[in-house]
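Here is my note on the charged residues in this model. Keep the viewer open and find each residue as you read.

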Amino acid sequence: MTFKLSAELHGHTSDVRGLVAQGGDILVSVSRDKTGRIWKRASPNDFNEDSALLGHTDFVSTVTAIPPTPEYPSGLVATGSADKSICLWDPTDLSQPATKLDGHTDNVCALDASADGRVLVSGSWDKTAKVWVDGACKHTLRGHQHAVWCVLVMENGEMLTGSADRLIRRWEGGQLKATYEGHTDCVRALALLPGGRFASAANDGSVRVWSLGSTQCLAELTGHTSYVYALSVLPDGAIVSGGEDRSVRVWRDNELAQTILVPSMSVWAVAALGNGDIACGTNDGIVRVFSEDRARLASPDALATFAQANASFAVAKNTMGDIDASKLPGPERLGQPGTKDQQVIMVKNGQIVEAYQWDQQAQGWSKVGEVVDAVGQTRKQEYEGKEYDYVFDVDIQEGAPPLKLPYNVAENPYTAAQKFLERNGINLDHLDTVANFIIKNTDGVQLGAPAGDPFTGGSRYVPGQASAQAGVPDPFTGGSRYVPQGAAYDPPSEYVVNVQGNTAGIIKKLAEFNATADVHRLSDDQMQALQKLDFSGPPQVAEDVYSALLVSALGWPKDKRFPCLDLLRFVAATPLPYRVGNRPFVESMAEATGFFDLLGSESPGGLTKSEEVNLMMGTRAFANAFATTQGADHLWQSRKKVLKALDGSWIKATNPNLLTALSTLYLNLAIAATKKGDDDEGLNILSAASRFLSCTSNADSQLRLVNVFGVLSHKFQLCKDSARVLGDETIVILGFQGKSDAVRRAAKDVGTFLTS
């Protein structure tokens with residue numbers, strides 16, 4: 001008997017991101033709609049929604065069941081959210097969380113509990129896992145370089161963590177005991193297997209089986225054709241996996257036993273029920289249950305509807321592996337039986353490629369979708385030997401060649417964005433920006449079901465609706481968050497910091513210039529230290545390397561300084577000493593870049609391209625210094641001289657990246673004024689920013705400067721009163737004529753606040 005549809009559970013209004021089963025009759029699901037839901041079996045093939053878990057303020061990423069304890073004899077349900085918190089729910093009173101655990105500094109995306117109910121382990125985008133014992137954090141597990149996507153508590157009390165850094169780590173008593181290497185992409189799921197083994201799944205499309213007693217991989221299970229997001233284990237030990245290829249797969253004895261296709265782009269979560277059934281959560285907001293037991297199968301009408309939904313679903317070619325349509329058989333292939341149950345084949349029917357699945361019991365082929373990769377399957381562009389509907393040029397770094405972003409319209413835009421970022425070594429914080437760029441530049445073209453974000457589950461933009469990402473900070477431009485119209489204005493309070501870039505290219509150029517430098521060369525040891533740095537966040541640079549970079553930036557020819565300055569831009573975001581020798585960091589960087597001499601309304605002449613690039617690096621470094629308490633204090637102490645240079649700087653600047661950097665520094669100074677200054681200092685910043693805003697057409701600068709008005713007016717009544725005089729008319733105009741939607745939204749929000 002094979003698994004077939006048993007029930008569909010409708011209730012969530014967005015992607016189902018996590019599932020856990022309690023026995024054979026209860027499921028708990030969590031979703032991007034910010035809720036959890038408890039489902040109880042009403043009949044062999046139906047579940048009713050019993051309760052809703054309402055306590056998180058952002059999307060809910062993960063869920064697990066905590067076994068009963070003396071304090072909670074009914075056990076608990078734990079949910080983790082992008083609001084950075086963990087809620088613990090008592091099934092006897094679900095009106096509010098029984099307790100809340102705080103400590104993570106980013107999205108809580110993974111949870112697992114010990115068999116005795118005393119230990120809970122959580123994983124987060126903040127690169128850590130935390131061990132909670134009886135509700136208190138006992139250990140914080142550090143060592144992963146990227147987000148901790150999955151956690152697992154073993155029977156012996158040890159813990160496993162899997163990360164976007166491709167590694168699995170084993171911990172005991174808060175200490176690292178072993179590291180498992182083998183996956184070639186982000187590790188997304190872990191599951192405990194019988195016999196001292198565990199399974200892992202990753203974005204490399206594989207499921208791997210490991211032994212706790214060895215760091216060697218025992219088996220690699222291949223069959224998925226895209227990312228694998230979720231794992232569970234059936235009572236008989238079979239592995240269940242789900243992924244971006246719209247499939248749930250069942251593995252027995254390390255062999256693929258069955259492929260269950262669903263009419264949805266992403267299978268985010270899977271759960272094995274105690275009775276041997278399988279549940280999955282998908283990006284269409286539906287929980288589906290599958291069973292091998294005929295008594296629990298859905299009605300014939302429901303099965304037919306499900307089959308039709310599968311047949312009409314558009315399958316992205318890139319999720320089906322390499323396909324050469326010219327070599328595919330025609331419809332006559334369907335006259336031959338399959339070689340095994342659930343086998344999937346592709347057939348070319350005219351100009352259309354169709355996917356079919358073999359049903360051993362019915363002895364026939366069922367259509368499960370049409371394989372598409374273009375609108376009308378014409379107008380292709382080639383990239384790395386493959387054809388795409390679009391190949392975009394993306395400018396990431398000033399002076400560097402653009403990066404190629406390939407995309408097919410049947411593809412999940414967030415999946416394409418993630419692949420682009422990981423292929424080019426760019427921080428995954430840019431995910432929303434790249435995905436929204438794709439959506440905007442493909443006119444929202446969509447085939448099949450709505451796409452979802454493999455990181456947040458965000459639903460795809462539909463023309464005519466508000467963007468689901470309208471409130472997300474833009475890490476490319478530093479665009480700040482905005483509240484929906486009609487809500488109380490909530491100004492940005494976090495400094496804008498830019499620690500992304502093509503670091504490999506920067507260091508390569510530095511090595512080239514260093515090799516021919518007449519003076520102030522970096523030593524071989526210093527160059528090697530730079531090459532070993534981790535640039536996934538602000539790099540930890542030794543003081544001697546830091547000093548050497550600054551000396552080279554001061555002593556090399558002006559047109560050779562930019563790689564040193566670019567690296568110092570990264571360094572500025574770290575808590576290094578803000579003095580080198582007897583000179584403050586601001587003074588040294590200003591001399592190296594010409595910040596005080598070249599900028600300012602009284603300085604003569606225009607700027608060369610080299611001067612603008614150096615100034616851009618210096619300005620970015622000053623803005624980045626606000627990332628640390630020491631740096632913010634250092635810049636604030638130099639604020640008068642910095643503000644004097646900034647005033648009128650936009651008149652000479654023609655490089656849009658320099659304009660963006662200048663306005664970013666204004667915004668960070670404004671935020672600093674609300675924390676360290678008074679209304680007079682706020683007014684000085686506001687006055688200069690108003691002059692900048694009145695004469696710039698740069699969208700990124702407009703966005704930041706509008707926020708300068710909002711930040712200072714929200715804090716200081718004097719600034720609010722003055723803003724009505726200095727920029728009220730400009731703000732109103734930008735509300736209708738701003739250079740981007742984000743500018744127009746921000747201007748309307750700030751304008752409404754100023755008139756309140």
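Where is the place of Lys-127? Point 1 takes this up. Bear in mind throughout that the model is predicted.

1. **Two lysines in loops.** Lys-127 sits in the loop between strand 11 (119–124) and strand 12 (129–133). Its phi is positive, about 75 degrees, although Lys-127 is not a glycine. Lys-127 counts as partly exposed because its relative accessible area is 29%. Now look at Lys-34. Lys-34 lies in the loop between strand 3 (26–31) and strand 4 (35–43). Lys-34 is not a glycine either, yet has a positive phi of about 75 degrees. With 40% relative accessibility, Lys-34 is partly exposed.

2. **Salt bridges overall.** How many salt bridges does a search of the whole structure find? The count is 22. Some of them join up. Asp-25, Arg-41, Asp-277, Asp-293 and Arg-296 are linked in a network of salt bridges.

3. **A pair between strands.** Glu-354 and Lys-367 form a salt bridge, with their closest N and O atoms 3.5 Å apart. Glu-354 belongs to strand 31 (residues 352–359) and Lys-367 to strand 32 (residues 364–372), so the bridge ties together parts 13 residues apart in sequence. The two partners differ in cover. Glu-354 has a relative accessible area of 8%, so it is buried. Lys-367 has 24%, so it is partly exposed.

4. **A pair between helices.** Lys-676 and Asp-633 meet through their side chains in a salt bridge of 2.6 Å, N to O. Lys-676 is in helix 14 (residues 656–676) and Asp-633 in helix 11 (residues 629–637), so this pair ties together parts that are 43 residues apart in sequence. Lys-676 is partly exposed, at 33% relative accessibility. Asp-633 is partly exposed too, at 31%.

5. **A helix and a loop.** Arg-691 forms a salt bridge with Asp-647, and the closest N and O atoms are 2.7 Å apart. Arg-691 lies in helix 15 (residues 679–694), while Asp-647 lies in the loop between helix 12 (639–646) and helix 13 (649–652), so the pair ties together parts 44 residues apart in sequence. Arg-691 is partly exposed, with 39% relative accessibility. Asp-647 is partly exposed as well, at 24%.

6. **An arginine without a bridge.** Which side chain of opposite charge is nearest to Arg-561? It is Glu-591, 6.8 Å away. Arg-561 is buried and has no salt bridge. A salt bridge needs a nitrogen and a carboxyl oxygen within 4 Å. Check the backbone around this side chain instead. The backbone oxygen of Ala-553 lies 3.0 Å from a polar atom of the Arg-561 side chain. The backbone oxygen of Leu-554 lies 3.2 Å from a polar atom of that side chain. Arg-561 itself is in the loop between helix 6 and helix 7 (562–571).

7. **A negative patch.** Which residues form a negative surface patch? They are Asp-524, Asp-525, Glu-543 and Asp-544. Helix 5 (524–531) and helix 6 (543–555) each supply at least two residues of this patch. Take Asp-525, which is placed in helix 5. Asp-525 is exposed because its relative accessible area is 60%, and the cut-off for exposed is over 50%.

How values were computed. Residues are numbered from 1 along each chain as its sequence is written. This is a predicted model: local features need pLDDT of at least 70, side-chain atom pairs count only at pLDDT 80 or more; totals for chains, interfaces and linings use all residues. Side-chain values use heavy atoms; hydrogens and water are left out. Patches are made of residues with over 30% relative accessible area and no salt bridge: like charges are joined within 9 Å, nonpolar side chains (Val, Leu, Ile, Met, Phe, Trp, Tyr) within 5 Å. Accessible areas come from the Shrake-Rupley method with a 1.4 Å probe; for residues, only the protein chains shown count as cover. Lys and Arg count as positive and Asp and Glu as negative; His and the chain ends are not counted. The place of a charge is taken as NZ of Lys, CZ of Arg, CG of Asp or CD of Glu. Helices (H or I, at least four residues) and strands (E, at least two) are DSSP runs, numbered from the N terminus. Buried means under 20% relative accessible area, exposed over 50%, partly exposed in between (1.4 Å probe, protein chains only). A polar contact is a pair of N or O atoms within 3.5 Å; within protein, one must be able to donate a hydrogen and the other to accept it, and residues adjacent in sequence count only if both atoms are side-chain atoms.
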